[in-house]
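Here is a brisk report on one protein model. Look over the sequence and the structure, then read on.

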Amino acid sequence: LPWDGCCRRGTGRTQIRNMSEQSQTFIAKSTVKAADLEHRRKINFNIGRYNAVVPKGKQQFADVHLARERAKNLKWRAIETLDQQLEEFELNFTKRGGKVIWAENSEQAIEEVLKICKEKNCKTLVKSKSMVTEEIHLNKALEANGIESVETDLGEYIQQLDGEPPYHIVTPAMHKSKEDVARLFNKKLGTPINYTPEQLTLKAREVLREKYVQAEVGVTGANFIISDIGAVAVTENEGNARLSCSFPKTHIAIVGIEKMIPSLTDLGLFWPLLATYGTGQKITVYNTLIAGPRQENEADGPDEMYVILLDNGRTNILQNPKQRESLYCIRCGACLNACPIYKNIGGHAYGTTYSGPIGSVITPHLQGLEEFKHLSYASSLCGNCTEVCSVKINLHELLLENRSEAVESGLVPFSEKMAWKLWRIASLKRGLMNLGNGNIKNKVVNGMFKGWKERRSDLQFSQKTFNQLWKERYKN
């Protein structure tokens with residue numbers, strides 16, 4: 001695998017000590033998954049289907065590059081004026097009877113959810129469309145307090161049945177085949193082992209429909225929060241989010257503050273972009289705007305609605321001039337599907353809520369650079385993530401910025417610093433570069449730098465130096 005310095009196992013005590021527990025877990029998991037050919041087959045099959053339909057979705061744009069550039073500019077405006085946009089959202093949302101809660105971290109968000117659930121005497125809670133609740137580990141907190149939390153999106157429900165976190169930010173069960181799901185449903189729900197995907201879906205629907213009726217509280221995330229009308233926008237293909245926010249008498253939307261867009265009219269650009277780059281569709285099946293609890297003239301909806309605006313490290317990114325761009329992300333998942341590392345090691349190896357290139361960029365700032373700096377080295381720096389990003393985030397450059405910050409913060413071992421310093425000295429002096437023939441260099445590098453080549457093939461140096469080759473070709 002083509003990851004770089006920080007992810008290699010060192011032989012010295014200093015290097016081992018500087019490897020975080022998260023880094024060692026990542027190396028162990030990724031090593032296993034990289035050798036799992038069946039896992040790779042499933043992922044490549046599903047991503048292959050995605051790659052086949054995305055070009056069709058792009059055809060709806062007269063100039064897709066211009067559309068992406070405009071989306072980036074709109075997100076730039078939203079993030080640069082985020083304080084004003086959030087206050088405007090709160091003002092407009094509360095006008096319709098909604099309640100806004102500001103949560104600085106996951107503990108505060110969980111505390112507020114539990115407080116609401118206690119007030120409503122909640123025993124069952126239904127959830128939909130929310131990666132941010134995975135980020136704060138809401139299910140675990142609810143279960144610890146005797147509240148049944150049920151994932152209602154099919155992919156999330158499959159993962160919950162299997163006791164696994166989501167594998168992918170758009171397709172949570174991407175790593176499972178239909179046979180895997182059939183076996184899981186047979187074990188957990190007692191369905192016949194030969195059930196088709198359609199029959200399995202109907203069984204899930206049968207189970208989940210009862211939960212909507214029983215639930216006292218519904219929790220969703222949001223794809224966007226819109227300041228000028230004070231509403232949250234939810235995009236989905238199954239309709240479960242609509243049921244989760246309308247059947248229960250109380251609806252809680254937990255949203256990262258970076259999901260802000262300035263105006264309702266901006267959805268005309270963002271919804272098609274999210275659909276095309278997320279699943280290859282022109283537009284997703286259900287696109288919903290929720291601007292508060294049920295009004296007097298409305299037949300459907302909850303009696304109460306809360307929006308929890310979550311920071312949880314996002315202002316760490318906001319105050320970083322270079323990394324701020326990563327907050328433009330609309331979670332389409334395109335960079336995951338394009339990344340050669342993700343396609344080899346899968347989503348679970350990262351050990352984080354947000355995997356792939358975008359996860360490798362933001363996680364070190366959300367959860368701590370010291371523990372998660374290794375993710376920024378889990379990249380080939382091919383730039384494909386930047387190429388496919390729906391809002392043109394320079395992801396591969398931000399990965400390099402993370403590496404730079406790790407070095408500047410003193411989070412790399414002394415031996416690594418010295419190795420790169422010596423390499424720099426040698427690479428800038430042709431005389432040093434020309435010392436020794438190819439065989440000597442092979443023995444030195446492949447024999448001494450064991451950490452470097454532990455997950456790489458042996459380096460094979462040319463028998464002749466560049467100078468020698470040049471002189472032979474241009475004798476005159």
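Leaving aside its neighbours within four places in sequence, which residues is Ile136 in contact with?

## Ile136 and its contacts

The model is predicted. In it, Ile136 touches Ser106, Ala109, Ile110, Ile254, Leu310 and Asn312, once neighbours within four places in sequence are set aside. Ile136 sits in the loop between helix 7 (131-135) and helix 8 (138-144). The residue is buried: its relative accessible area is 3%, and the cut-off for buried is under 20%.

Leu267 lies 131 residues from Ile136 along the chain. The C-alpha atoms of the two are separated by 27 Å.

## Two positive phi angles

Asn312, one of the contacts of Ile136, is not a glycine, yet has a positive phi of about 50°. Its place is the loop between strand 10 (304-310) and helix 14 (314-318). Asn312 counts as buried because its relative accessible area, 15%, falls under 20%.

Lys392 also has a positive phi, of about 55°, and is not a glycine. This residue belongs to the loop between helix 19 (384-388) and helix 20 (395-408). Is Lys392 buried or partly exposed? Lys392 is partly exposed, with a relative accessible area of 22%.

## Helix 3

Helix 3 covers residues 37-58, which makes 22 residues. From first C-alpha to last it reaches 31 Å, close to the 32 Å expected at 1.5 Å a residue.

Its buried residues are His39, Lys42, Ile43, Ile47, Tyr50, Val54 and Gly57. An α-helix has 3.6 residues a turn, so residues three or four places apart point the same way. What do the buried residues of helix 3 pack against? Their partners are helix 2 (21-34), helix 10 (178-189), helix 13 (267-279), helix 15 (334-338) and helix 16 (340-345).

## The whole chain

The protein holds 25 helices and 10 strands. Its C-alpha trace spans about 90 × 55 × 50 Å along the principal axes. The radius of gyration is 25 Å; a compact globule of 476 residues would have one near 23 Å, so the two agree.

Of the 476 residues, 52% count as buried. Take the contacts between residues at least 6 apart in sequence: 75% of them join residues at least 24 apart.

## Surface and charge

The protein exposes about 23,000 Å². Carbon and sulfur atoms supply 52% of that area. There are 64 positive and 54 negative side chains. The centres of these two sets lie 10 Å apart.

Note on methods: Residues numbered from 1 in each chain as written. Predicted model: local features only at pLDDT ≥ 70, side-chain atom pairs only at ≥ 80, totals over all residues. Heavy atoms only, no water. Helix = DSSP H or I, 4+ residues; strand = E, 2+ residues; numbered from the N terminus. Rg over C-alpha atoms; globule rule 2.2 N^0.38 Å. Buried < 20%, exposed > 50% of the residue type's maximum accessible area, 1.4 Å probe, protein only. Contact = heavy atoms within 4.5 Å. Areas by Shrake-Rupley, 256 points an atom, 1.4 Å probe, with all protein chains shown as cover. Lys, Arg positive; Asp, Glu negative; His and termini not counted. Charge placed at Lys NZ, Arg CZ, Asp CG, Glu CD. Expected span 1.5 Å × (residues − 1).
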